[in-house]
Amino acid sequence: MPLRFGDNVSTAQTDYGTVLLDERGGAYWELNPTATLVVRTLLDGGEESDAAAALVREFDIDEAQALRDVEALVEQLRDSGLAS
């Protein structure tokens, strides 16, 4: 399922990845370049498997590990209320 940030989440690209601001409580989240690649893929309509494939291509990592990492990130973003 594609990822969507809530209306209360602002994003900013940095030299080191992406910063998310949860405007409800003022909390900042910093996504490293790996997480930024995952989030961009999902926000562009890709599936979790597409994001994992992007990680494999970019970072030459094991596909199964990449998918686990993507799933974990998405779960954290959804559990925090930042994304649906």
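**Figure 1. Burial and overall dimensions of the chain.** Of the 84 residues in the chain, 33% are buried, and the model shown here is a predicted one. The C-alpha atoms fill a box of roughly 35 × 25 × 20 Å when this box is taken along the principal axes. The radius of gyration of the chain is 12 Å, which agrees with the value near 12 Å that a compact globule of 84 residues would have. When contacts between residues at least 6 apart in sequence are considered, 41% of them join residues that are at least 24 apart.

**Figure 2. Order of the secondary structure elements.** The chain contains three helices and three strands, and, read from the N terminus, these elements follow one another in the order β-β-β-α-α-α.

Figure 3. Strand β1, formed by residues 9-14, pairs with strand β2, formed by residues 17-22, and the two run in the antiparallel sense with six bridges between them.

Figure 4. If neighbours within four places in sequence are left aside, the residues in contact with Leu3 are Val39, Leu42, Leu43, Val74, Leu77, Arg78, Ala83 and Ser84. Although Leu3 and Glu47 are 44 residues apart along the chain, their C-alpha atoms are separated by 8.4 Å.

**Figure 5. Asp60 in the loop between α2 and α3.** Asp60 is found in the loop that lies between α2, residues 48-59, and α3, residues 63-79. With a relative accessible area of 70%, Asp60 is exposed, since the term applies to values over 50%. The phi angle of Asp60 is near 50°, which is a positive value in a residue other than glycine. Most residues other than glycine have a negative phi.

Conventions:
Residues numbered from 1 in each chain as written. Predicted model: local features only at pLDDT ≥ 70, side-chain atom pairs only at ≥ 80, totals over all residues. Heavy atoms only, no water. Helix = DSSP H or I, 4+ residues; strand = E, 2+ residues; numbered from the N terminus. Rg over C-alpha atoms; globule rule 2.2 N^0.38 Å. Buried < 20%, exposed > 50% of the residue type's maximum accessible area, 1.4 Å probe, protein only. Contact = heavy atoms within 4.5 Å. Pairing = 2+ DSSP bridges.
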